[in-house]
Protein chains: 2
Amino acid sequence: MLNRWFRLIAAWAVLWVLLLAERGLGQERASDPLPSWNDGAAKNAILNFARQTTDRASPQYVRPEQRVATFDQDGTLWVEHPMYTQVVYCLERVPVVVKERPELKDREPFKTVLSGNREAMARFSMKELEEILAVTLSGMTVDEFQAEVKRWLATAKHPRYQRRYTELAYQPMLEVLKFLRANGYKTYIVTGGGQDFVRVYADQVYGIPPEQVVGTAGGTKYGYDKSGRPTLTKEPKLLLNDNDAGKPEGIHLVIGCRPYAAFGNSTGDRQMLEYTGAGGGARLMMLVLHDDGAREYAYGPARGLPDTRVGTFTSQLADEAEARGWVVISMKNDWRRVFSFDPEVVPTPAR
Amino acid sequence: MLNRWFRLIAAWAVLWVLLLAERGLGQERASDPLPSWNDGAAKNAILNFARQTTDRASPQYVRPEQRVATFDQDGTLWVEHPMYTQVVYCLERVPVVVKERPELKDREPFKTVLSGNREAMARFSMKELEEILAVTLSGMTVDEFQAEVKRWLATAKHPRYQRRYTELAYQPMLEVLKFLRANGYKTYIVTGGGQDFVRVYADQVYGIPPEQVVGTAGGTKYGYDKSGRPTLTKEPKLLLNDNDAGKPEGIHLVIGCRPYAAFGNSTGDRQMLEYTGAGGGARLMMLVLHDDGAREYAYGPARGLPDTRVGTFTSQLADEAEARGWVVISMKNDWRRVFSFDPEVVPTPAR
């Protein structure tokens, strides 16, 4: 009887070992974790960083609980041109809000939004934009807001690509997120965009749960609805402006430790990268340069690219990147594809 | 040759299976995940909640990414009498701060602190305490603050137990934290205490990393030191008062979703428990009642316990707990031991 058991177990073990070997071979065959990246300095920087900080024998080894990587969103993880997605949302919400609050109808800047005059809207001052944001992003409960954003995202389309905004994440960056997570890194979004807005889709689009989204955040107010059920209502009070110096401040507030890697694309990410780089050991700081008007957009004004109001990458930022050893990612040269739906794969250019 | 391999693998597999079986039996023998809890309603509530929300066949199953449990700290996870640990820290920091800022020496409330008159200190108004907190918890960099707190915790002793404060975590609650984590829950501290203060030791004491500590938080200011190195300096500006309604507000700010379990011990935790309970499905709300003056402290004023200023558990809170089905944990009856160093284990009382 015992002998029979031995044979059964032996057969089972052999099957199991063969299966494991098969899987191991399969993994080796498809082993490039960054298939949408051309070979080059940018791709190597990512691969080397992961190797140096996860190899126990490396002097730059980082313990798993300290592995934190932060990513700006707009222009770093997804398209921000011609206008930040959240601003489009807010502008498109104005008619709904005006229906509930008709007194806004004849008041600027709401009047201009209702007129549909896009050129006039493009000239809005920061104060006017803030007024629109305040009115469209507060006054409702957190649950109502989430439902509204979800509804909007399900149908709204990007004017150039004619695809939903949630399809416009950069495929190479999705691979970096996945690769760093596979190496034990917690991946955080640290965005100038609204924390509550980004949380609605971050899990679906980036595999990032709500508690790993740090963003510009307003206060909420605890109360009770008519049936006595507790509610949190979004207030027009700004708690954290998660841009520029606000990024390291927000990282400290929500995460509480210094990242080992930080990715951005504009001057608003400068302090986050500085703060990350000021830690000891191996740190990875990278900036996406939008130099690919054919597949995406071209804007700087660094390296002679056009100067736009959205996602500015100045020559000063390029100089600081060079001085501090931050790696600039050329969208044109470093990315074999930009979106998951890109039909064409660009081969590695000769360097 | 192949045959030899088969036999080798068979032998290895048998060894392995025997080992696994042995381990399984061992685990079953020591299978009580809450050994410091007496059998009873409180212990059962915890065990049932974990079973209901992690069993895939249960109608109240909760997906792993949604499993969030929040814990108040002072009086729920560790001792808060005769005074909150952080307030003791702040009072003991006053002489150091006055050495750097001698102009405070003759000003109240600092003068009283320097006099050492504990009775007068116990009468401090909220405004006076806030002044002491502002002066001792801001003005330094985040790194300096962490180093100071670490140094203090290494030597400061609790006046009654004559042990370091970090030894005064409740053993039964440490078991709950571990048990819920083993069931896939992310365990968060949601404390009225200072977020930066608690983060210094939360990992060591509770196994909770900095990003899972939500607390009363002040702003920080990004800047550069003399050598040009980026710094974050603690400011006296309050961002989040993580008490009462501030607890659900802080949970939304940092975690971004509703907890499935919440533990507290005082009126400051009421809104957190209400907010937790207002979600659908199985939710676990528990309150620690300090009814054990022999092993710890006895205070209410619920159930005729003494009324103190620290960690108030009112009759109104007890009524709400009963009405809403929150489980009250009797320290005296439910806990076989209070601290890990307790020599004695109290048997389950007859009920």
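Predicted model: local features only at pLDDT ≥ 70, side-chain atom pairs only at ≥ 80, totals over all residues.
Buried means under 20% relative accessible area, exposed means over 50%, and partly exposed covers what lies in between, using a 1.4 Å probe and protein chains only. Residues are numbered from 1 along each chain as its sequence is written, chains are lettered from A and ligands numbered from 1 in the order in which they are written, and side-chain values use heavy atoms, with hydrogens and water left out.

**Chain A as a whole**

- Chain A has 13 helices and seven strands; helices (H or I, at least four residues) and strands (E, at least two) are DSSP runs, numbered from the N terminus.
- Of the 351 residues of chain A, 54% count as buried.
- Contact means heavy atoms within 4.5 Å. Among chain A contacts between residues at least 6 apart in sequence, 64% link residues at least 24 apart.

**Where the two chains meet**

- The interface brings 40 residues of chain B into contact with 40 residues of chain A.
- Together the chains bury about 3800 Å², and 61% of that is on carbon and sulfur atoms; buried area is the accessible area (1.4 Å probe) that two parts lose on being put together, summed over both.
- B:Tyr222, B:His252 and B:Leu253 supply 17% of the area that chain B buries against chain A, more than any other three residues.

**A helix pair across the interface**

- Helix α9 of chain A (residues 195-206) packs on helix α10 of chain B (residues 246-254) at an angle of about 60°, with the axes 10 Å apart. Axes are lines fitted to C-alpha atoms, for helices over the stretch in contact, and angles run from 0 to 180 degrees between N-to-C directions.
- α9(A) and α10(B) are therefore oblique to each other; angles under 35 degrees count as roughly parallel, over 145 as roughly antiparallel, 65 to 115 as roughly perpendicular and the rest as oblique.
- On the α9(A) side the contact uses A:Gln195, A:Asp196 and A:Arg199, which meet B:His252, B:Leu253 and B:Val254 of α10(B).
- The residues of this contact divide into two nonpolar, two polar and two charged. Here Ala, Val, Leu, Ile, Met, Phe, Trp, Tyr, Cys and Pro count as nonpolar, Asp, Glu, Lys and Arg as charged, and the others, Gly among them, as polar.

**Buried residues worth a look**

- In α11(B), the buried residues are B:Gln271, B:Met272, B:Leu273, B:Glu274, B:Tyr275 and B:Thr276.
- B:Thr136 sits in helix α6 of chain B (residues 126-137) and counts as buried at 1% relative accessibility. A polar atom of the B:Thr136 side chain lies 2.7 Å from the backbone oxygen of B:Ile132.
- Not counting residues up to four places away in sequence, B:Thr136 touches B:Cys90, B:Arg93, B:Val94 and B:Val97.
- B:Tyr206, in helix α9 of chain B, is buried at 2% relative accessibility. Its side chain makes a polar contact with the side chain of B:Gln73 at 3.1 Å; a polar contact is a pair of N or O atoms within 3.5 Å, where within protein one must be able to donate a hydrogen and the other to accept it, and residues adjacent in sequence count only if both atoms are side-chain atoms.
- A:Arg258 lies in the loop between α10 and β5 (261-264) of chain A and is buried, with a relative accessible area of 16%. The side chain of A:Arg258 reaches the backbone oxygen of A:Tyr275 at 2.6 Å.
- Residues that A:Arg258 touches include B:Asp143 and B:Arg229.

**Backbone features to check**

- Most residues other than glycine have a negative phi, and most peptide bonds are trans.
- A cis peptide bond joins A:Glu108 and A:Pro109, with omega about 5°; in chain B, a cis bond joins B:Glu108 and B:Pro109, with omega about 0°.
- A:Gln162 has a positive phi near 55° and is exposed, with a relative accessible area of 52%.
- A:Asp244 has a positive phi near 50° and counts as partly exposed at 35% relative accessibility.
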